[in-house]
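The sequence and structure come first, and the account follows.

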Amino acid sequence: MKYSRQRELIRNVMRGNRTHPTANDVYLKLKEVCPSLSLGTVYRNLNLLVENGEIERIEMPNGCDRFDGNPGQHYHAVCTSCEKVFDLTLPQLRNLQDLIHREIGMDVERLCLTIKGICPQCQQLLASQSAESQM
């Protein structure tokens with residue numbers, strides 16, 4: 001991949017970023033540093049970084065994909081209420097590829113596992129809203 005200053009800026013934003021930003025989040029963060037940057041350029045470069053295996057795309061139910069700067073083997077949990085994305089590095093899932101191979105004989109190239117549920121903060125908010133509505 002040919003060097004690009006804008007791609008390098010995007011790569012640097014993604015490295016170590018644990019917030020799983022959208023393309024728009026990356027764009028807004030870099031717009032201050034690089035005023036000539038376009039949202040289209042951000043999308044193109046994020047897609048190139050995904051294709052190159054440097055970052056991971058997390059498909060979201062609302063269509064606004066998130067991006068993960070950690071391409072290492074891990075999984076995600078997504079809150080269906082606030083859409084926050086959490087990294088999961090559960091040791092119990094480390095042998096999942098082997099289990100799949102034993103079960104159906106498939107050589108797994110890549111595992112993409114996303115757990116959907118309601119995070120603790122949203123559970124508390126929903127519980128308090130429910131309590132208020134019962135009064």
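How many disulfides does the count come to by the rule used here? With a disulfide taken as a pair of cysteine sulfur atoms within 2.5 Å, the count comes to zero. Cysteine 112 is in no disulfide, the nearest cysteine sulfur being that of cysteine 64, 19 Å away.

The model is predicted, so local features need pLDDT of at least 70 and side-chain atom pairs count only at pLDDT 80 or more, while totals for chains, interfaces and linings use all residues. Residues are numbered from 1 along each chain as its sequence is written, and side-chain values use heavy atoms, with hydrogens and water left out.

**Nonpolar packing**

Relative accessible area sorts residues into buried (under 20%), exposed (over 50%) and partly exposed (in between), using a 1.4 Å probe and protein chains only. A nonpolar core is a set of buried Ala, Val, Leu, Ile, Met, Phe, Trp, Tyr and Cys residues joined through side-chain atoms within 4.5 Å. The largest such core has 15 residues, and those with the most contacts inside it are Ile10, Val26, Leu30, Val42 and Leu46. Helices (H or I, at least four residues) and strands (E, at least two) are DSSP runs numbered from the N terminus; α1 (5-14), α2 (23-31) and α3 (39-51) each supply at least two residues of this core. Contact here means heavy atoms within 4.5 Å, and leucine 30, leaving aside its neighbours within four places in sequence, is in contact with Leu9, Ile10, Val13 and Leu37. A second, separate core of five residues includes Tyr75, Ala77, Leu88 and Leu93.

A salt bridge is a side-chain nitrogen of Lys or Arg within 4 Å of a carboxyl oxygen of Asp or Glu. Arginine 66, in strand β2 (residues 66-68), is buried yet has no salt bridge, and the nearest side chain of opposite charge (Lys and Arg count as positive, Asp and Glu as negative, with His and the chain ends not counted) is that of glutamate 83, 4.6 Å away. Polar contacts are pairs of N or O atoms within 3.5 Å; within protein, one must be able to donate a hydrogen and the other to accept it, and residues adjacent in sequence count only if both atoms are side-chain atoms. The side chain of arginine 66 reaches the backbone oxygen of glutamate 83 at 3.0 Å and that of histidine 20 at 3.2 Å.

Histidine 20 is found in the loop between α1 and α2 and is buried, because its relative accessible area is 1%. Its side chain makes a polar contact with the side chain of aspartate 87 at 2.8 Å and reaches the backbone oxygen of arginine 18 at 3.3 Å.

**Salt bridges**

| Pair | Closest N to O |
|---|---|
| Arginine 11 and glutamate 54 | 2.6 Å |
| Arginine 18 and aspartate 87 | 3.7 Å |

Arginine 11 and glutamate 8 both lie in helix α1, three residues apart, about one turn of the helix. Arginine 11 counts as buried because its relative accessibility is 15%, whereas arginine 18 is exposed, at 62%. Glu8, Arg11, Arg15 and Glu54 are linked in a network of salt bridges.
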